[in-house]
Amino acid sequence: MPLQKILFKPGVNKENTRYTTEGGWYETDKVRFRQGNPEVIGGWSRLSATSFLGVCRSLWNWVLLDSKNVIGVGTNLKFYIENGGAYNDITPIRETSTINNNPFAATNGSATITVTDTSHGAVTGDFVTFSGAVGLGGNITAAVLNAQYQISVLTVNTYTFTASATANGSDVSPGGGASVVAAYQINVGPAEQIPLVGWGAGGWGLGTWGNGIGSSIALRLWSQINYGEDLVFGPRGGGLYYWDATGGLTTRGVLLNSLGGNVSFTSASPTVVTSTILYTEGAALQFAATTSLPTGISAATTYYVFEVNGLTFKLLDSAGNAVNTSSTGTGVYVSLIVDVPTVQNTLTVSDTSRFVIAFGCNDYGSAVLDPMLIRWSAQDDIYNWTPDPTNQAGFIRISHGSEIISTIQTRQEVVIFTDSAIYSLQYLGPPYVWVPQLLGDNISIMGPNAAVIASGVVYWMGVDKFYQYDGRVNTLNCDLRRFVFGDLNQEQALQIFAGTNEGFNEVWWFYCSADSTAIDKYVIYNYLEKIWYYGTMSRTAWLDSGLQSVPIAANYFSNTLTGNLINHETGLNDDTTGTAVAIDAYISSSEFDIGDGHNFGFVWRVLPDLTFENATSTPAGALPAVAMTLQGLANSGSGVTSTASQPVAKSSTYVITEQFTGQIFTRMRGRQMIFKISSNQINTCWQLGAPRIDIRPDGRR
């Protein structure tokens with residue numbers, strides 16, 4: 001018979017049996033398709049040798065006015081600003097206070113220090129920085145105590161930390177002095193979903209007696225987006241924070257409602273207030289003072305801004321009366337910008353109109369999160385969230401679903417996902433300002449990070465299928481649907497995240513396989529060629545930014561709960577740790593045969609066709625190489641037969657070491673065959689073309 005080309009349809013299809021999908025590819029790892037031909041994916045290397053604490057779930061890239069290219073990095077333990085490979089800790093402070101007298105207790109021969117602080121509010125894993133402490137007299141010096149530590153909570157009034165020195169007999173316990181100040185960072189969150197079952201899981205009366213119902217503690221997820229050169233960010237279910245770039249890369253974020261600045265009052269009727277912050281009409285404020293408030297101003301009372309003239313304005317009380325003062329007070333500041341959300345699930349900044357929008361947040365005058373409530377600030381005024389006829393601040397509550405899960409900002413709208421529907425939120429201007437429109441019902445999404453926009457189209461993973469929105473909501477035809485959703489740990493669905501690799505027209509989803517609580521697999525949709533492929537890889541966040549030359553991902557080292565950022569599509573190897581190792585990549589076909597499979601086939605010659613363009617020799621001088629394998633089967637149920645035990649058919653594996661190899665002679669027999677190409681050598685990249693085999697009928701069985 002003449003030479004027969006081995007040409008397979010692009011993409012991987014595992015929706016049917018391996019024999020049914022004849023003419024296609026069936027298994028793959030770390031291989032993509034370019035114009036229909038499989039090739040190994042690009043390499044990756046760590047951004048720097050520096051690492052961060054915790055598991056990163058959020059990345060955002062922007063450029064400051066001084067041209068610094070920075071990345072916000074949100075982990076379950078910290079929040080960082082990355083620049084030049086360094087991770088600057090800007091985690092907000094939850095509380096700073098002078099704690100109990102002589103709060104430190106040490107034990108001779110131990111580095112464990114017990115701290116007493118009444119109603120400290122910390123949880124295990126939190127970080128606290130001490131200052132003002134005096135040494136205990138021995139190894140536990142003031143320098144040892146006045147540092148940052150991660151703590152383990154014992155009771156509501158005590159916790160422990162491991163000091164950088166071991167106490168000796170000279171350390172007096174308790175000690176530390178009467179002026180110890182503890183600065184507690186915001187509470188940490190879980191690194192993964194924690195399933196809760198059994199007694200106490202779920203609400204009272206739910207589930208069978210003694211069992212409760214299944215529920216879970218959500219892992220720590222962040223929302224972040226720049227507001228000009230500054231950053232608005234917050235953990236899901238937590239506060240709304242602001243980082244001011246003018247303070248430098250090491251300045252910590254603070255609660256947005258605490259950024260009111262200092263003010264001064266005139267003694268007049270009505271009083272005129274001069275502020276360091278530009279407020280707009282209708283903003284609601286409360287005041288405090290380091291020394292004294294003006295006569296006529298009360299602490300913890302809300303006043304409203306009116307007649308704004310630059311940095312000066314007048315005040316109205318809750319009854320709409322102008323506020324008068326008979327003194328100026330000293331050291332007066334805005335203690336609270338009223339109506340700024342204090343808790344939110346996700347947020348964004350509208351691109352051109354510059355509204356800050358919170359999705360799932362507390363209502364006005366309430367501290368309770370409403371998971372379906374949407375609120376937005378006045379236009380171009382991050383401090384003013386009080387609706388007023390003179391501004392465009394406002395709110396709306398959507399109704400389809402029980403919780404807003406995620407949002408994606410597109411060119412003309414914000415796409416909102418609830419747990420059962422999808423909405424479009426569009427800016428219409430006064431009087432409605434932002435108006436939602438229901439796009440589809442009975443639609444699911446896996447988690448807050450499971451949606452992404454690529455080339456103007458929104459793609460997301462639902463609980464049992466994939467979707468796209470391009471003006472209409474459509475189900476994506478997926479050749480890997482059963483494979484992915486049948487091997488997915490639903491209890492870790494919140495870890496799933498999507499990312500784009502637009503240089504290769506790809507959307508990636510990373511997920512935990514059925515037996516894993518950490519992300520270990522990915523599935524890719526190539527939206528240009530409309531094909532799917534998959535593989536194994538451990539990543540926790542992804543960033544494909546036009547401000548970076550290559551996509552960036554986050555990984556973590558589970559043994560130390562630290563991680564770093566990884567540059568993708570760079571080099572040819574896996575350089576995660578700074579030492580290059582080979583990328584173990586392969587792709588194998590479905591089963592194919594001669595005609596309808598009446599005859600056994602005998603292969604005696606193969607003419608490979610592939611390229612090693614850009615590949616280089618190994619440090620030991622070895623040439624780039626891949627393994628090309630033909631596997632023979634007696635029938636679909638027989639499995640691949642061994643040369644030793646099954647003489648009916650056998651496997652032949654041979655190595656290609658030249659870009660244009662001639663012909664390879666082999667002896668392989670089978671009714672059906674599987675073609676596979678693989679590589680696990682450093683400095684190797686390849687693309688498969690159209691190899692040919694010399695196959696002839698070899699008997700009819």
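**Notebook: two open sheets**

I looked up Val273 and found that its bridge partner in S28 is Phe313. The two strands concerned, S25 (residues 273-275) and S28 (residues 312-316), run antiparallel and are joined by two bridges. I worked on a predicted model, in which local features need pLDDT of at least 70, side-chain atom pairs count only at pLDDT 80 or more, and totals for chains, interfaces and linings use all residues. Residues are numbered from 1 along each chain as its sequence is written, and side-chain values use heavy atoms, with hydrogens and water left out.

I took strands as DSSP runs (E, at least two residues), numbered from the N terminus. I counted two strands as paired if DSSP finds at least two bridges between them.

I then traced the sheet that holds S25 and S28: it is open, has six strands in the order S24-S25-S28-S27-S26-S29, and pairs antiparallel. Strand S24 (263-265) and strand S29 (330-338) each have a single partner strand, so one side of each is left without a neighbour in the sheet. Neighbouring strands here are turned by 45 degrees against each other on average, direction ignored. The axes are lines fitted to C-alpha atoms, and angles run from 0 to 180 degrees between N-to-C directions.

I next looked up an open sheet of four strands, ordered S38-S39-S40-S41 with antiparallel pairing. Its edge strands are S38 (451-454) and S41 (473-475), each pairing on one side only. Antiparallel strands S38 and S39 (residues 457-461) are joined by four bridges. I noted that Ala451 stands opposite Trp460 in S39.
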